[in-house]
Amino acid sequence: MKSPKKRATRLIHAGSDPAAFKGAVNAPVYRASTVIYPTVAAMEKASNNPLDGVFYGRYGTPTSFAFEEAVAELEGADSTISVCSGQAAITAALMAFLKTGDHLLMVDTVYGPTRKLCDRVLAGVGVETTYYDPLIGAGIADLIRPETKVVFTESPGSLTFEIQDIPAIAAAAHAAGAVVILDNTWSAGLYFQPFDHGVDVSVQAATKYIGGHADAMLGTISTTEEYQKHLRLSTVGMGYCAAPDSCFLGARGLRTINVRLARHQRNGLALAEWFKARPEVARVLHPALPDCPGHEIWKRDFTGASGLFGVILDDIPKQQVDAMLDGFEYFSMGYSWGGFESLMIPMTPASQRTATTWDAPEPALRIHAGQEDIADLIADLERGFVRLTGGN
Ligand SMILES: *Cc1c(COP(=O)(O)O)cnc(C)c1O
(Lines give C-alpha, C1' and ligand atoms only; values in the text may rest on other atoms or scores of the structure.)
Protein backbone atom coordinates (compact mmCIF):
# COMPACT_ATOMS: atom_id res chain seq x y z
CA MET A 1 0.00 0.00 0.00
CA LYS A 2 1.23 3.49 -0.82
CA SER A 3 1.68 5.95 2.01
CA PRO A 4 -0.49 9.09 1.98
CA LYS A 5 1.50 11.82 0.29
CA LYS A 6 1.97 15.39 1.42
CA ARG A 7 0.60 18.09 -0.83
CA ALA A 8 3.97 19.30 -2.15
CA THR A 9 4.75 15.76 -3.20
CA ARG A 10 1.39 15.28 -4.86
CA LEU A 11 1.86 18.47 -6.88
CA ILE A 12 5.15 17.14 -8.21
CA HIS A 13 3.74 13.79 -9.31
CA ALA A 14 0.07 14.41 -10.16
CA GLY A 15 -0.83 13.50 -13.74
CA SER A 16 2.66 12.17 -14.32
CA ASP A 17 3.03 8.83 -16.11
CA PRO A 18 6.52 8.46 -17.60
CA ALA A 19 5.92 4.81 -18.47
CA ALA A 20 3.22 5.93 -20.92
CA PHE A 21 5.80 8.07 -22.75
CA LYS A 22 8.78 5.72 -23.05
CA GLY A 23 10.14 7.03 -19.75
CA ALA A 24 10.05 10.74 -20.60
CA VAL A 25 9.29 12.63 -17.40
CA ASN A 26 6.93 15.17 -18.99
CA ALA A 27 4.00 14.23 -21.21
CA PRO A 28 5.14 15.27 -24.70
CA VAL A 29 3.29 17.73 -26.92
CA TYR A 30 0.76 15.74 -28.91
CA ARG A 31 -0.48 17.56 -31.98
CA ALA A 32 -3.59 15.74 -33.00
CA SER A 33 -6.86 16.56 -34.62
CA THR A 34 -7.68 13.26 -36.32
CA VAL A 35 -7.46 10.13 -34.23
CA ILE A 36 -7.76 6.99 -36.35
CA TYR A 37 -9.52 3.72 -35.62
CA PRO A 38 -8.63 0.32 -37.07
CA THR A 39 -12.21 -0.94 -37.48
CA VAL A 40 -15.75 0.33 -37.74
CA ALA A 41 -16.48 -1.40 -34.45
CA ALA A 42 -13.65 0.48 -32.69
CA MET A 43 -14.83 3.75 -34.19
CA GLU A 44 -18.42 3.15 -33.06
CA LYS A 45 -17.25 2.27 -29.58
CA ALA A 46 -15.22 5.48 -29.35
CA SER A 47 -18.09 7.61 -30.68
CA ASN A 48 -20.41 6.21 -28.06
CA ASN A 49 -17.92 7.08 -25.30
CA PRO A 50 -16.11 10.20 -26.49
CA LEU A 51 -14.96 11.08 -22.97
CA ASP A 52 -13.07 7.78 -22.57
CA GLY A 53 -9.53 8.01 -23.85
CA VAL A 54 -8.32 9.90 -26.88
CA PHE A 55 -11.28 10.38 -29.26
CA TYR A 56 -10.73 13.53 -31.33
CA GLY A 57 -8.33 16.47 -30.84
CA ARG A 58 -10.89 18.89 -29.43
CA TYR A 59 -11.82 16.38 -26.71
CA GLY A 60 -8.23 16.28 -25.50
CA THR A 61 -4.91 14.55 -26.00
CA PRO A 62 -2.42 12.85 -23.65
CA THR A 63 -0.82 16.31 -23.25
CA SER A 64 -4.02 18.01 -22.10
CA PHE A 65 -5.07 15.05 -19.96
CA ALA A 66 -1.75 15.09 -18.07
CA PHE A 67 -2.12 18.83 -17.45
CA GLU A 68 -5.75 18.51 -16.39
CA GLU A 69 -4.97 15.75 -13.90
CA ALA A 70 -2.27 17.88 -12.32
CA VAL A 71 -4.59 20.91 -12.04
CA ALA A 72 -7.34 18.73 -10.52
CA GLU A 73 -4.82 17.80 -7.82
CA LEU A 74 -3.88 21.46 -7.30
CA GLU A 75 -7.52 22.57 -6.95
CA GLY A 76 -8.65 19.49 -5.02
CA ALA A 77 -11.16 18.79 -7.81
CA ASP A 78 -12.54 15.54 -9.15
CA SER A 79 -11.85 16.70 -12.69
CA THR A 80 -10.44 19.62 -14.70
CA ILE A 81 -10.99 20.75 -18.29
CA SER A 82 -8.42 22.90 -20.07
CA VAL A 83 -9.43 25.62 -22.53
CA CYS A 84 -7.69 28.29 -24.59
CA SER A 85 -7.77 31.15 -22.03
CA GLY A 86 -8.99 32.13 -18.61
CA GLN A 87 -11.75 34.13 -20.22
CA ALA A 88 -12.87 31.06 -22.21
CA ALA A 89 -12.98 29.10 -18.95
CA ILE A 90 -15.29 31.73 -17.43
CA THR A 91 -17.50 31.82 -20.53
CA ALA A 92 -17.73 28.04 -20.79
CA ALA A 93 -18.56 27.66 -17.09
CA LEU A 94 -21.29 30.32 -17.19
CA MET A 95 -22.82 29.12 -20.46
CA ALA A 96 -22.97 25.55 -19.18
CA PHE A 97 -25.40 26.55 -16.43
CA LEU A 98 -27.37 29.49 -17.88
CA LYS A 99 -30.14 29.74 -20.45
CA THR A 100 -32.59 32.41 -21.59
CA GLY A 101 -34.73 33.62 -18.69
CA ASP A 102 -32.21 32.67 -16.02
CA HIS A 103 -30.74 35.06 -13.48
CA LEU A 104 -27.07 35.36 -12.54
CA LEU A 105 -25.65 36.87 -9.35
CA MET A 106 -22.26 38.34 -10.15
CA VAL A 107 -19.80 39.84 -7.67
CA ASP A 108 -19.35 43.58 -8.23
CA THR A 109 -15.55 43.32 -8.04
CA VAL A 110 -15.32 40.79 -10.83
CA TYR A 111 -12.54 40.79 -13.43
CA GLY A 112 -13.51 43.50 -15.97
CA PRO A 113 -13.89 41.25 -19.04
CA THR A 114 -16.26 38.97 -17.09
CA ARG A 115 -18.49 41.99 -16.49
CA LYS A 116 -18.39 42.74 -20.22
CA LEU A 117 -19.38 39.16 -20.97
CA CYS A 118 -22.45 39.55 -18.73
CA ASP A 119 -23.46 42.98 -20.00
CA ARG A 120 -22.89 42.23 -23.66
CA VAL A 121 -23.21 38.52 -24.42
CA LEU A 122 -25.35 37.12 -21.61
CA ALA A 123 -27.74 40.10 -21.65
CA GLY A 124 -28.08 39.55 -25.40
CA VAL A 125 -29.31 35.99 -24.94
CA GLY A 126 -31.75 36.97 -22.18
CA VAL A 127 -29.75 36.15 -19.06
CA GLU A 128 -30.16 38.86 -16.44
CA THR A 129 -27.22 39.76 -14.21
CA THR A 130 -27.45 41.38 -10.78
CA TYR A 131 -24.16 42.60 -9.32
CA TYR A 132 -23.71 42.19 -5.58
CA ASP A 133 -21.44 43.58 -2.88
CA PRO A 134 -18.37 41.34 -2.46
CA LEU A 135 -18.79 41.61 1.33
CA ILE A 136 -22.44 40.50 1.30
CA GLY A 137 -21.79 37.05 2.85
CA ALA A 138 -24.96 35.22 3.89
CA GLY A 139 -26.95 38.31 2.85
CA ILE A 140 -26.76 36.97 -0.70
CA ALA A 141 -29.91 34.96 0.18
CA ASP A 142 -31.99 38.16 -0.15
CA LEU A 143 -30.92 38.53 -3.80
CA ILE A 144 -31.61 34.95 -4.87
CA ARG A 145 -34.74 34.49 -6.98
CA PRO A 146 -36.43 31.31 -8.20
CA GLU A 147 -34.70 31.80 -11.58
CA THR A 148 -31.23 32.40 -10.09
CA LYS A 149 -29.10 29.56 -11.45
CA VAL A 150 -25.55 30.73 -10.77
CA VAL A 151 -23.79 32.71 -8.06
CA PHE A 152 -20.41 33.81 -9.41
CA THR A 153 -17.64 34.71 -6.97
CA GLU A 154 -14.10 36.00 -7.26
CA SER A 155 -12.03 36.26 -4.10
CA PRO A 156 -10.15 38.46 -3.63
CA GLY A 157 -11.90 40.88 -5.95
CA SER A 158 -10.15 42.21 -9.01
CA LEU A 159 -8.43 45.57 -8.36
CA THR A 160 -9.67 46.12 -4.79
CA PHE A 161 -8.98 42.70 -3.21
CA GLU A 162 -12.08 42.22 -1.02
CA ILE A 163 -12.19 38.67 0.36
CA GLN A 164 -15.58 36.99 0.04
CA ASP A 165 -17.22 34.70 2.59
CA ILE A 166 -17.44 31.80 0.14
CA PRO A 167 -18.83 29.19 2.59
CA ALA A 168 -21.70 31.52 3.62
CA ILE A 169 -22.48 32.42 0.00
CA ALA A 170 -22.32 28.77 -1.07
CA ALA A 171 -24.68 27.69 1.72
CA ALA A 172 -27.28 30.25 0.60
CA ALA A 173 -26.84 29.41 -3.07
CA HIS A 174 -27.14 25.69 -2.52
CA ALA A 175 -30.25 26.11 -0.38
CA ALA A 176 -31.84 27.70 -3.46
CA GLY A 177 -30.44 25.16 -5.93
CA ALA A 178 -27.95 27.55 -7.56
CA VAL A 179 -24.45 26.59 -8.69
CA VAL A 180 -21.45 28.43 -7.20
CA ILE A 181 -18.63 29.33 -9.58
CA LEU A 182 -15.37 30.85 -8.31
CA ASP A 183 -12.65 32.64 -10.25
CA ASN A 184 -9.72 31.23 -8.25
CA THR A 185 -6.90 32.80 -10.26
CA TRP A 186 -5.43 34.89 -7.42
CA SER A 187 -4.82 31.95 -5.08
CA ALA A 188 -3.80 29.73 -8.02
CA GLY A 189 -5.63 26.92 -6.21
CA LEU A 190 -2.53 26.62 -4.04
CA TYR A 191 -3.69 28.94 -1.25
CA PHE A 192 -7.46 28.38 -1.44
CA GLN A 193 -9.08 24.99 -1.81
CA PRO A 194 -12.43 25.80 -3.42
CA PHE A 195 -14.17 22.46 -2.99
CA ASP A 196 -13.54 22.45 0.77
CA HIS A 197 -15.45 25.75 0.92
CA GLY A 198 -18.60 24.89 -1.02
CA VAL A 199 -17.60 25.89 -4.55
CA ASP A 200 -19.02 23.78 -7.39
CA VAL A 201 -16.90 25.03 -10.27
CA SER A 202 -13.50 26.73 -9.95
CA VAL A 203 -12.09 28.52 -12.96
CA GLN A 204 -8.59 29.86 -13.35
CA ALA A 205 -6.65 31.91 -15.81
CA ALA A 206 -3.81 29.38 -15.96
CA THR A 207 -2.24 32.13 -18.04
CA LYS A 208 -1.25 33.62 -14.66
CA TYR A 209 0.38 31.53 -11.91
CA ILE A 210 -0.02 28.02 -13.30
CA GLY A 211 1.82 28.90 -16.50
CA GLY A 212 3.87 31.30 -14.41
CA HIS A 213 6.22 32.53 -17.14
CA ALA A 214 4.13 35.12 -19.05
CA ASP A 215 4.22 33.06 -22.24
CA ALA A 216 1.03 31.01 -22.53
CA MET A 217 -2.72 31.65 -22.78
CA LEU A 218 -4.58 28.92 -20.91
CA GLY A 219 -7.70 28.42 -18.81
CA THR A 220 -8.98 25.68 -16.53
CA ILE A 221 -12.42 24.63 -15.32
CA SER A 222 -12.29 22.37 -12.29
CA THR A 223 -15.29 20.71 -10.75
CA THR A 224 -16.82 17.91 -8.71
CA GLU A 225 -18.02 14.49 -9.80
CA GLU A 226 -21.56 15.88 -10.00
CA TYR A 227 -20.90 18.34 -12.81
CA GLN A 228 -17.85 16.99 -14.59
CA LYS A 229 -19.59 15.22 -17.47
CA HIS A 230 -22.00 18.09 -18.11
CA LEU A 231 -19.18 20.65 -18.09
CA ARG A 232 -16.95 18.62 -20.38
CA LEU A 233 -19.68 17.95 -22.92
CA SER A 234 -20.85 21.56 -22.98
CA THR A 235 -17.28 22.91 -23.19
CA VAL A 236 -16.31 20.75 -26.18
CA GLY A 237 -19.74 21.45 -27.63
CA MET A 238 -18.99 25.17 -27.56
CA GLY A 239 -15.72 24.45 -29.33
CA TYR A 240 -13.29 25.31 -26.55
CA CYS A 241 -10.05 23.41 -26.22
CA ALA A 242 -6.50 24.26 -25.21
CA ALA A 243 -3.49 24.28 -27.52
CA PRO A 244 -1.05 21.42 -26.86
CA ASP A 245 1.95 23.74 -26.38
CA SER A 246 0.04 25.73 -23.79
CA CYS A 247 -0.94 22.57 -21.91
CA PHE A 248 2.69 21.49 -21.93
CA LEU A 249 3.79 24.87 -20.56
CA GLY A 250 0.97 24.80 -18.00
CA ALA A 251 2.00 21.36 -16.74
CA ARG A 252 5.63 22.41 -16.62
CA GLY A 253 4.79 25.61 -14.73
CA LEU A 254 2.67 23.73 -12.25
CA ARG A 255 5.59 21.61 -11.08
CA THR A 256 7.24 24.66 -9.53
CA ILE A 257 4.13 26.55 -8.40
CA ASN A 258 4.69 25.74 -4.75
CA VAL A 259 8.16 27.31 -4.59
CA ARG A 260 7.33 30.14 -6.99
CA LEU A 261 4.29 31.26 -5.03
CA ALA A 262 6.21 31.20 -1.75
CA ARG A 263 8.59 33.73 -3.30
CA HIS A 264 5.76 35.84 -4.78
CA GLN A 265 4.15 35.83 -1.34
CA ARG A 266 7.33 36.87 0.47
CA ASN A 267 8.19 39.66 -1.97
CA GLY A 268 4.54 40.80 -2.09
CA LEU A 269 4.35 41.13 1.68
CA ALA A 270 7.68 42.96 1.85
CA LEU A 271 6.56 45.43 -0.83
CA ALA A 272 3.16 45.87 0.83
CA GLU A 273 4.86 46.70 4.14
CA TRP A 274 7.15 49.17 2.38
CA PHE A 275 4.18 50.97 0.80
CA LYS A 276 2.32 50.97 4.10
CA ALA A 277 5.15 52.84 5.78
CA ARG A 278 5.19 55.64 3.19
CA PRO A 279 3.43 58.92 4.03
CA GLU A 280 2.18 59.26 0.39
CA VAL A 281 0.19 56.01 0.69
CA ALA A 282 -3.39 56.12 1.98
CA ARG A 283 -4.06 52.37 2.08
CA VAL A 284 -2.57 49.06 1.04
CA LEU A 285 -5.06 46.50 -0.26
CA HIS A 286 -3.36 43.20 0.45
CA PRO A 287 -5.51 40.34 1.81
CA ALA A 288 -2.82 39.42 4.36
CA LEU A 289 -2.93 42.93 5.89
CA PRO A 290 -5.69 44.03 8.31
CA ASP A 291 -6.64 47.05 6.17
CA CYS A 292 -7.99 44.78 3.44
CA PRO A 293 -11.77 44.23 3.54
CA GLY A 294 -12.39 40.60 4.44
CA HIS A 295 -8.92 40.09 5.94
CA GLU A 296 -10.43 38.01 8.79
CA ILE A 297 -12.01 35.67 6.23
CA TRP A 298 -8.70 35.41 4.40
CA LYS A 299 -7.11 34.28 7.67
CA ARG A 300 -9.86 31.71 8.18
CA ASP A 301 -10.05 30.27 4.64
CA PHE A 302 -6.73 30.84 2.84
CA THR A 303 -3.34 29.30 3.53
CA GLY A 304 -1.29 32.03 1.88
CA ALA A 305 -1.20 35.10 -0.32
CA SER A 306 0.01 35.39 -3.86
CA GLY A 307 1.91 38.38 -5.20
CA LEU A 308 -0.85 40.65 -6.52
CA PHE A 309 -2.12 43.58 -4.43
CA GLY A 310 -3.25 47.20 -4.60
CA VAL A 311 -2.08 50.53 -3.26
CA ILE A 312 -4.22 53.64 -2.77
CA LEU A 313 -2.11 56.76 -2.94
CA ASP A 314 -2.96 60.07 -1.37
CA ASP A 315 -4.40 62.59 -3.79
CA ILE A 316 -1.39 62.90 -6.08
CA PRO A 317 -1.66 64.49 -9.55
CA LYS A 318 -1.83 61.97 -12.39
CA GLN A 319 1.24 63.34 -14.14
CA GLN A 320 3.36 62.61 -11.06
CA VAL A 321 2.01 59.06 -10.83
CA ASP A 322 2.72 58.68 -14.55
CA ALA A 323 6.27 59.97 -14.05
CA MET A 324 6.84 57.35 -11.39
CA LEU A 325 5.44 54.54 -13.56
CA ASP A 326 7.31 55.62 -16.70
CA GLY A 327 10.72 55.46 -15.07
CA PHE A 328 10.93 52.10 -13.27
CA GLU A 329 13.77 49.74 -14.00
CA TYR A 330 12.09 46.52 -12.79
CA PHE A 331 8.36 47.25 -12.43
CA SER A 332 7.09 46.89 -15.99
CA MET A 333 3.68 47.99 -17.17
CA GLY A 334 1.48 45.45 -18.87
CA TYR A 335 -1.74 43.54 -18.43
CA SER A 336 -1.86 40.09 -16.98
CA TRP A 337 0.36 38.97 -14.08
CA GLY A 338 1.56 35.76 -12.47
CA GLY A 339 4.87 35.58 -14.33
CA PHE A 340 8.28 35.73 -12.66
CA GLU A 341 8.62 39.48 -13.25
CA SER A 342 7.36 42.45 -11.27
CA LEU A 343 4.65 44.66 -12.74
CA MET A 344 2.90 47.86 -11.74
CA ILE A 345 -0.03 49.53 -13.49
CA PRO A 346 -2.33 52.45 -12.69
CA MET A 347 -5.94 51.48 -11.96
CA THR A 348 -9.27 53.25 -11.58
CA PRO A 349 -11.57 50.93 -9.66
CA ALA A 350 -14.44 53.40 -9.11
CA SER A 351 -15.61 53.17 -12.71
CA GLN A 352 -15.60 49.37 -12.73
CA ARG A 353 -18.40 48.68 -10.27
CA THR A 354 -22.14 49.33 -10.22
CA ALA A 355 -23.61 47.77 -7.05
CA THR A 356 -21.19 49.41 -4.63
CA THR A 357 -19.26 52.66 -4.56
CA TRP A 358 -15.52 53.08 -4.30
CA ASP A 359 -14.39 56.38 -2.93
CA ALA A 360 -10.61 56.74 -2.97
CA PRO A 361 -8.10 58.86 -4.86
CA GLU A 362 -7.22 57.71 -8.37
CA PRO A 363 -5.15 56.55 -10.06
CA ALA A 364 -4.45 53.75 -7.61
CA LEU A 365 -1.77 51.16 -8.27
CA ARG A 366 -1.88 47.44 -8.90
CA ILE A 367 1.36 45.69 -8.14
CA HIS A 368 2.52 42.21 -9.02
CA ALA A 369 5.50 41.21 -6.91
CA GLY A 370 7.83 39.18 -9.09
CA GLN A 371 10.74 37.05 -8.01
CA GLU A 372 13.56 39.59 -8.22
CA ASP A 373 15.77 40.30 -5.22
CA ILE A 374 13.65 42.36 -2.82
CA ALA A 375 16.44 44.89 -2.23
CA ASP A 376 16.52 45.75 -5.95
CA LEU A 377 12.74 46.10 -6.04
CA ILE A 378 12.70 48.41 -3.03
CA ALA A 379 15.54 50.53 -4.44
CA ASP A 380 13.50 50.86 -7.66
CA LEU A 381 10.47 51.93 -5.61
CA GLU A 382 12.49 54.44 -3.65
CA ARG A 383 13.68 56.08 -6.87
CA GLY A 384 10.08 55.93 -8.16
CA PHE A 385 8.75 57.76 -5.10
CA VAL A 386 11.21 60.58 -5.75
CA ARG A 387 9.50 61.01 -9.14
CA LEU A 388 6.07 60.59 -7.51
CA THR A 389 6.65 63.40 -5.06
CA GLY A 390 8.03 65.70 -7.76
CA GLY A 391 11.61 65.29 -6.58
CA ASN A 392 10.92 66.71 -3.10
C1 LIG B 1 -6.38 37.33 -16.40
C2 LIG B 1 -7.61 36.95 -15.70
C3 LIG B 1 -8.64 36.28 -16.36
C4 LIG B 1 -8.60 36.02 -17.84
O5 LIG B 1 -7.58 35.17 -18.22
P6 LIG B 1 -7.01 35.16 -19.73
O7 LIG B 1 -6.19 33.94 -19.75
O8 LIG B 1 -6.26 36.44 -19.90
O9 LIG B 1 -8.20 35.07 -20.65
C10 LIG B 1 -9.73 35.92 -15.63
N11 LIG B 1 -9.84 36.18 -14.32
C12 LIG B 1 -8.87 36.82 -13.65
C13 LIG B 1 -9.04 37.08 -12.20
C14 LIG B 1 -7.74 37.23 -14.31
O15 LIG B 1 -6.79 37.90 -13.64
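**Close-up views of a predicted model**

**View 1. Phe161 lies in the loop that joins E4 and H6.** Phe161 is not a glycine, yet its phi is positive, near 65 degrees. With a relative accessibility of 1%, under the 20% cut-off, Phe161 counts as buried.

View 2. The bond in question runs from Ser155 to Pro156, and its omega is near 0 degrees. To find Pro156, look in the loop between strand E4 (148-154) and helix H6 (166-175).

**View 3. Glu362 and Pro363 are joined by a cis peptide bond.** Here too, omega is near 0 degrees. Pro363 has its place in the loop between strand E10 (343-347) and strand E11 (364-368).

**View 4. Ser336 has a positive phi, near 70 degrees, and is not a glycine.** Its loop connects helix H11 (318-326) with E10. Ser336 counts as partly exposed, at 27% relative accessibility.

**View 5. The ligand sits in the largest pocket.** Around the ligand are 13 residues, and those that come nearest are Gly86, Gln87, Asp183, Thr207 and Lys208. Helix H4 (residues 86-97) gives the most to this shell, with 3 residues. Sorted by class, the shell holds 5 nonpolar, 5 polar and 3 charged residues.

View 6. On its own the ligand has 380 Å² of accessible area, and the protein covers 91% of that.

Definitions and conventions. Residues numbered from 1 in each chain as written. Predicted model: local features only at pLDDT ≥ 70, side-chain atom pairs only at ≥ 80, totals over all residues. Heavy atoms only, no water. Near = heavy atom within 4 Å. Areas by Shrake-Rupley, 256 points an atom, 1.4 Å probe, with all protein chains shown as cover. 1 Å grid on protein atoms, 1.4 Å probe; cavity = no way out; pocket = protein on both sides within 12 Å on 5 of 7 lines; lining within 4 Å. Sits in = over half its atoms within 2 Å of the grid points. Helix = DSSP H or I, 4+ residues; strand = E, 2+ residues; numbered from the N terminus. Nonpolar A, V, L, I, M, F, W, Y, C, P; charged D, E, K, R; others polar. Buried < 20%, exposed > 50% of the residue type's maximum accessible area, 1.4 Å probe, protein only.
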